[in-house]
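Trainee: I would like to go through the terms used for this model. Can we take them one by one?

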Amino acid sequence: MTDRAAHPTDAAAPLLLDATASGRPGSILADAERAEAAGVDRLVVAETAHNPFVQLARAADRTRSIELATGVAIAFARTPMTLAYEAWGLHEASGGRAVVGLGSQIKPHIERRFGMTWSQPAARMREYVHAVRAIWNSWQHGTRLAFRGDFYTHTLMTPVFSPEPVAAGLPRILLAGVGPLMTATAGAVADGFISHPFTTVPYLTEHVLPGVLAARAQAEAEGAAWTTAATATDRPFEVVGNVLAAIGRTGEELAANRTRVRERIAFYASTPAYRAVLERHGWGELQDQLHPLSVRGRWQEMGALIGDEVFDAFAVAGTPAEAAEEIHRRYAGTVTRLSVHSPDEADPSLSLDTLTALRRLEGRGN
């Protein structure tokens, strides 16, 4: 029996499906074309070794209808103005298909990799989203830019620096979060929430979504502009699920990918910020074993500590059809859309085949 959250996700609505791409310049065009041909709803590129906005803008030229999303772009690596221009450029280039997934990253990366300021991440993110929307509204509707906050100030915009309006309206903003402050921020100011791949359905439904959806309900009650009836009907609040999957067409391929997913689970489980997820299931001591090994880079030893019970809670495994059935059982009616995450070394067509099988289960494909 599937654990379900008490939230406004329409269980009868089809589960929307997102394909993830590496964003590597050499593969992004083929990835985008394959995803659109498969009938996937959205192509998602994370910000790792390449700028996702650049690669998605390239994908826009090779596609016609699929949505193009960052999943996620690092908000605090940019000012709101910088992010606003990058996202608007993608929105223009794609004819209004951009979706902006944002995440905070962690303090060492923001300060030591990007050389930017880190403080009060949840409060800063709340203001960041408001600032970006204020900038976009100045371009879309010609309103005077007069944003003044505790972290950001944007009060100058002249016609020569203002992009043209986009017929599709402002891009959607989705926020990723793990802790209670950031997840509540997603509900309060964003158009959707992106869950972390290192989660379980019980943890998501019991500890994460109640706070997200309570904050969203409060924003709606206060009449926040992005939750008004017309906007909400056209673009309802999204809950994006991310599931780790070990997929294989042969026993050998499946075994190899199970090992890789075990190592990914171990990597996440070694991170102190994610301990609460383990403790929900009584596995807090697992982190005490994993963290010292992670400091020494002993990844294979870490993976061996992930038993079948832990693996099955955090991931699915099987052929594309088998994985699709288990994903559907767990997540249909709990999230509004979903991404399947296979190991980086795995054949990317495995995830796409799993999404195709999910479309059939949803009655959306042959």
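Mentor: Start with contact: heavy atoms within 4.5 Å. Keep in mind that this is a predicted model.

Trainee: Which residues does Thr-199 touch, not counting residues up to four places away in sequence?

Mentor: Leu-204, Val-277, Ala-313 and Phe-314. Thr-199 itself sits in the loop between β8 (192-194) and α7 (201-221).

Trainee: Why is Thr-199 called buried?

Mentor: Buried means under 20% relative accessible area. Thr-199 has 6%, so the word applies.

Trainee: What makes Phe-161 count as exposed?

Mentor: Exposed means over 50%. Phe-161 is at 54%, so it counts as exposed. Phe-161 lies in the loop between β6 (153-154) and β7 (172-176). With Tyr-85 and Val-160, Phe-161 makes a nonpolar surface patch of about 340 Å².

Trainee: Why are α2 and α3 called roughly parallel?

Mentor: Angles under 35 degrees count as roughly parallel. Helices α2 (residues 52-60) and α3 (residues 80-93) pack at about 10°, with their axes 9 Å apart. Therefore they are roughly parallel to each other. Among the residues that meet are Phe-53 and Leu-56 in α2, and Leu-83 and Glu-86 in α3.

Trainee: What makes Arg-78 and Glu-86 a salt bridge?

Mentor: The cut-off is a side-chain nitrogen of Lys or Arg within 4 Å of a carboxyl oxygen of Asp or Glu. Here N to O is 2.4 Å, so the pair qualifies.

Trainee: Are Arg-78 and Glu-86 buried or partly exposed?

Mentor: Arg-78, at 6%, counts as buried. Glu-86, at 22%, counts as partly exposed.

Note on methods: Residues numbered from 1 in each chain as written. Predicted model: local features only at pLDDT ≥ 70, side-chain atom pairs only at ≥ 80, totals over all residues. Heavy atoms only, no water. Patch = residues over 30% accessible without salt bridge, like charges linked within 9 Å, V, L, I, M, F, W, Y side chains within 5 Å. Areas by Shrake-Rupley, 256 points an atom, 1.4 Å probe, with all protein chains shown as cover. Helix = DSSP H or I, 4+ residues; strand = E, 2+ residues; numbered from the N terminus. Buried < 20%, exposed > 50% of the residue type's maximum accessible area, 1.4 Å probe, protein only. Axes fitted to C-alpha atoms, helices over the stretch in contact; angles between N-to-C directions. Parallel < 35°, antiparallel > 145°, perpendicular 65-115°, else oblique.
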